[in-house]
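Okay, thanks for making time, everyone.

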Amino acid sequence: LTTVPVPQEAGPTMVGDEHSDPHLMSILGATKRSTLGNNFCEYYVNDAPRLVLDKLESLGYRVVSMTGVGQTLVWCLHKE
């Protein structure tokens, strides 16, 4: 019997698109970048998703849903 470790995502984490709130992106420590071949930008942080969710929770955001798209996890958050 062989035990295979399950890989865990450690970052980077995509946290927004080019229309995201620049102030919130700054608080998260996100940087804007564009991938070769794309005509749009996205914000990324080097933190693992769990750390990003913890930061957003401290800012008043709550997870309202989560789904998987291929090998990508997507969380939807809301701030009251």
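Take Ile 27, which lies in helix H1. Its relative accessibility is 43%, so Ile 27 counts as partly exposed. And please keep in mind that this is a predicted model.

Now the overall picture. The protein chain has two helices and five strands, and if you read along the sequence you get the pattern β-α-β-β-α-β-β. There are 80 residues in the chain, and 21% of them are buried. The chain exposes about 6,300 Å², with carbon and sulfur atoms supplying 54% of that. How much of the contact list comes from residues 24 or more positions apart? Among contacts with a separation of 6 or more, they account for 41%.

Let's go to the strands, and to S3 in particular, residues 42-45. Which strands pair with S3? One is S1, residues 13-17, which is antiparallel to S3 and joined to it by four bridges. Find Gly 16 there: its bridge partner in S3 is Tyr 43. Another is S2, residues 31-33, also antiparallel to S3, with three bridges between them. In that pairing, Thr 31 sits opposite Tyr 44.

Ser 20 is in the loop between S1 and helix H1, which spans 22-28. Is Ser 20 buried or exposed? Its relative accessibility is 18%, and the cut-off for buried is under 20%, so Ser 20 counts as buried. Its side chain reaches the backbone nitrogen of Asp 17 at 2.9 Å. Leaving out residues up to four places away in sequence, Ser 20 touches Met 25 and Tyr 43.

Next up, helix H2, residues 49-58. Its buried residues are Pro 49, Val 52 and Leu 56. Looking down the axis of H2, these buried residues fall within an arc of 60°, so they line one face of the helix. Turn to the other side of H2 and you find Arg 50 and Ser 58 exposed. What covers the buried residues of H2? The cover includes S1, H1 and S3, along with strands S4 (61-69) and S5 (72-79). After H2 comes Gly 60, which has a positive phi, near 100°.

One more stop: the salt bridge. The structure holds one, and it's where the side chains of Asp 47 and Lys 55 meet, at 2.8 Å from N to O. How accessible are these two residues? Asp 47 has 22% relative accessibility, so it counts as partly exposed. Lys 55 is at 32%, so that residue is partly exposed too.

And Lys 55 takes us back to where we began. Ile 27 and Lys 55 are 28 residues apart along the chain, and their C-alpha atoms are separated by 8.9 Å.

That's my tour, so over to you for questions.

Conventions. Residues numbered from 1 in each chain as written. Predicted model: local features only at pLDDT ≥ 70, side-chain atom pairs only at ≥ 80, totals over all residues. Heavy atoms only, no water. Salt bridge = Lys/Arg side-chain N within 4 Å of Asp/Glu carboxyl O. Buried < 20%, exposed > 50% of the residue type's maximum accessible area, 1.4 Å probe, protein only. Pairing = 2+ DSSP bridges. Polar contact = N/O pair within 3.5 Å; in protein donor to acceptor, adjacent residues only side chain to side chain. Contact = heavy atoms within 4.5 Å. Areas by Shrake-Rupley, 256 points an atom, 1.4 Å probe, with all protein chains shown as cover. Arc of directions from axis to C-beta.
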